[in-house]
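Open your viewer and load the model. Keep the selection tool at hand, and follow the stops in order.

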Amino acid sequence: KVGSQGTILLAHGVRYQKMEMKRRKAKWKFAKNFIKSIKVYFKDHERRFPINPFQILTDLGIHFVFRNFKKLEGLYLPASEDMPMDLVAININRPITRQRFSATHELCHYLKDVQNQSFMWAIASNDFIEKYAESFASAFLMPEDELQSQIELRNRTGELTLDDVLI
């Protein structure tokens with residue numbers, strides 16, 4: 001027998017689970033559409049590795065610059081009345097591998113988070129939007145299907161170096 005307090009908690013838990021399922025379905029639908037938009041880009045452009053996010057920014061008409069940031073990895077500024085172009089700024093003090101990651105991270109903000117606000121990516125940010133953009137950048141720069149095909153290729157030839165994995 002469950003007391004009234006337990007019944008209330010159980011009912012709340014069921015409502016929470018239903019809301020959570022709706023939220024997950026909405027996120028999944030958005031993610032599928034988001035992935036489709038990326039595939040559209042590669043339908044018209046050859047996918048070469050390493051993926052060059054700076055070329056993708058250029059192809060999409062997004063201007064990018066390198067700046068001497070102290071606490072930021074990158075910054076996305078959407079076009080506005082004052083600035084009629086989208087702009088990505090990347091920390092010049094970071095290695096090129098990190099700059100590529102930051103450029104792809106900011107590309108995510110351009111594709112997903114355009115709500116007339118700027119996005120500044122601070123070093124070690126834990127914000128959900130920033131974590132999503134980090135996950136996007138990782139998946140975009142090292143697509144799982146390509147990684148799997150490279151592993152299979154190397155398994156056939158018997159050669160796999162650290163450079164093969166990183167490039």
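This tour goes from the whole chain to a helix, a core and some charged pairs.

**Stop 1: the whole protein**

Keep in mind that this is a predicted model. Show everything as a cartoon. Trace them along the sequence, and the pattern reads α-α-β-β-β-α-β-α-α-α. Of the 167 residues, 31% are buried.

**Stop 2: helix α4**

Select residues 128-141. This is helix α4, with 14 residues. From first C-alpha to last, α4 reaches 20 Å, close to the 20 Å expected at 1.5 Å a residue.

Which residues of α4 are buried? Color E130, A133, E134, F136, A137, F140 and L141. They sit on the same side of α4, because they cover an arc of only 160° around the axis.

Next, show the side chains of E134 and K131. They form a salt bridge, with the closest N and O atoms 3.8 Å apart. Both residues lie in α4, 3 residues apart, about one turn of the helix. An α-helix has 3.6 residues a turn, so residues three or four places apart point the same way. E134 is buried, whereas K131 is partly exposed at 35% relative accessible area.

**Stop 3: the largest nonpolar core**

Select F42, I51, I56, L57, V88, L107 and F140. These have the most contacts inside the largest nonpolar core, which has 19 residues. Which elements each supply at least two residues of this core? They are α1 (4-44), α2 (53-59), β3 (87-91), α3 (96-112) and α4. Helix α4 gives the most, with 5 residues.

**Stop 4: the E73 network**

The structure holds 3 salt bridges. Go to E73 and show its side chain with those of R94 and R98. These residues are linked in a network of salt bridges.

- E73 to R94: the closest N and O atoms are 3.1 Å apart. E73 lies in strand β2 (residues 72-77) and R94 in the loop between β3 and α3, so the pair ties together parts 21 residues apart in sequence.
- E73 to R98: this salt bridge is 3.5 Å, N to O. R98 lies in helix α3, so this pair ties together parts 25 residues apart in sequence.

Is E73 buried or exposed? E73 is buried, with a relative accessible area of 1%. R94 is partly exposed at 31%, and R98 is partly exposed at 28%.

Technical notes: Residues are numbered from 1 along each chain as its sequence is written. This is a predicted model: local features need pLDDT of at least 70, side-chain atom pairs count only at pLDDT 80 or more; totals for chains, interfaces and linings use all residues. Side-chain values use heavy atoms; hydrogens and water are left out. Helices (H or I, at least four residues) and strands (E, at least two) are DSSP runs, numbered from the N terminus. The expected span of a helix is 1.5 Å times one less than its number of residues. Buried means under 20% relative accessible area, exposed over 50%, partly exposed in between (1.4 Å probe, protein chains only). The arc is that of the directions from the helix axis to the C-beta atoms. A nonpolar core is a set of buried Ala, Val, Leu, Ile, Met, Phe, Trp, Tyr and Cys residues joined through side-chain atoms within 4.5 Å. A salt bridge is a side-chain nitrogen of Lys or Arg within 4 Å of a carboxyl oxygen of Asp or Glu.
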